[in-house]
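Subject: Structure handover

Hi,

Here is the structure for you to look at. Please open it next to this note. My findings come after it.

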Amino acid sequence: MAAATPEEEVGEVLTMETSSGNVQVRAVVGEPESGGTFIALGGLGRRGMGPDWLRAGIPQLLAESGNNMRVLLPDPYSCAKTRPSLGEFAVVLSVSTLGGLWRGTCKEKWLLDLPPAPPTSGVASKVASKPVVLAGHSYGGGAAARAAADNPEAVSRLVLVSPDVEWSVARRCWGTPTLLIWARDDYVNPYMWTSRWSGHPNLTIHTEATGGHMVLEKHGPVIAKWLAEQDAKDAAAAAAAAATTTGGGATQEGEPSPGI
């Protein structure tokens with residue numbers, strides 16, 4: 001029996017029930033768990049629970065260093081109904097969905113069955129009730145984007161590394177803050193595919209000169225920083241909304257307005 005690699009010793013392996021069947025998932029959880037759920041998929045043919053993400057150290061980073069996220073790395077090959085196929089390449093889907101006019105059922109909805117159901121109270125309830133961050137590399141980026149496009153209310157962010165996403169899906173993700181990470185020397189999914197995301201009102205493109213078609217360790221700090229910036233934006237927007245609700249000259253019923 002082969003010895004476990006360092007990546008295989010990270011976190012805990014779970015069998016999680018989804019609407020498509022049971023899926024094997026590696027969970028890497030921060031202590032205390034307070035930063036929401038980050039679900040990451042790998043590329044087509046990359047069997048196992050997030051081997052490329054683990055090798056780059058990204059789940060470990062997001063679970064620690066103040067991010068305190070619950071990182072879930074599902075193996076879509078562990079369930080017959082979630083197993084990827086060649087028919088899920090963007091060029092094929094562009095034809096089979098008539099350019100996005102006929103989308104059919106979202107096969108990737110099972111991803112959103114993975115976050116924990118919220119308890120009735122406490123910190124864990126606040127974590128579980130947060131919309132998830134979906135992430136993916138190559139095919140996995142396309143799968144994450146399709147899940148977000150069909151379930152925008154359940155996905156708070158998209159983190160995509162060299163994703164294979166058809167234009168019509170990218171357009172339906174415009175309501176979700178999105179980070180694209182792409183290397184100019186990626187000859188599998190060329191850098192020019194970033195143009196599929198043109199017009200996205202909340203898009204960040206992080207460009208690397210080199211790196212090819214890979215998830216790299218240097219992507220970890222980029223992702224962590226971007227997620228923190230998005231959280232800060234949300235907090236500022238919530239504070240502004242609260243100030244507008246409680247301020248602006250509003251008075252309690254029965255109290256005189258200032259100056260009367």
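Below is what turned up, starting with the sheet.

Please keep in mind that this is a predicted model.

The sheet

Eight strands make up an open sheet. Their order is E1-E2-E4-E3-E5-E6-E7-E8, and the pairing is mixed. Strand E1 (12–18) and strand E8 (203–208) stand at the edges. Each has a single partner strand, so one side of each is left without a neighbour in the sheet. From one strand to the next, the twist averages 25°.

One pairing is worth a look. Strand E2 (residues 21–29) runs antiparallel to strand E4 (residues 70–75), and six bridges join the two. Within this pairing, Ala27 stands opposite Leu72 in E4. As background, strands of a sheet pair through backbone hydrogen bonds, in either the parallel or the antiparallel sense.

Helices on the sheet

Helix H5 (residues 139–150) packs on the sheet. H5 touches E3, strand E5 (132–137) and strand E6 (155–161). The direction of H5 makes about 150° with that of E5.

Helix H7 (residues 219–246) also packs on the sheet. Its contacts are E3, E5, E6, strand E7 (178–183) and E8. The direction of H7 makes about 155° with that of E6.

How far should H7 span? At 1.5 Å a residue, its 28 residues should span 40 Å. The end C-alpha atoms are 41 Å apart, which agrees.

Which residues of H7 are buried? They are His219, Gly220, Val222, Ile223, Ala224, Trp226, Leu227 and Gln230.

Phe38 lies in strand E3 (residues 37–41) and Trp53 in helix H1 (residues 51–55), so the pair ties together parts that are 15 residues apart in sequence. Are these two residues buried or exposed? Phe38 is buried, with a relative accessible area of 1%. Trp53 is also buried, at 1% relative accessibility.

Best wishes

Notes
Residues are numbered from 1 along each chain as its sequence is written. This is a predicted model: local features need pLDDT of at least 70, side-chain atom pairs count only at pLDDT 80 or more; totals for chains, interfaces and linings use all residues. Side-chain values use heavy atoms; hydrogens and water are left out. Helices (H or I, at least four residues) and strands (E, at least two) are DSSP runs, numbered from the N terminus. Buried means under 20% relative accessible area, exposed over 50%, partly exposed in between (1.4 Å probe, protein chains only). Two strands pair if DSSP finds at least two bridges between them. Axes are lines fitted to C-alpha atoms, for helices over the stretch in contact, and angles run from 0 to 180 degrees between N-to-C directions. Contact means heavy atoms within 4.5 Å. The expected span of a helix is 1.5 Å times one less than its number of residues.
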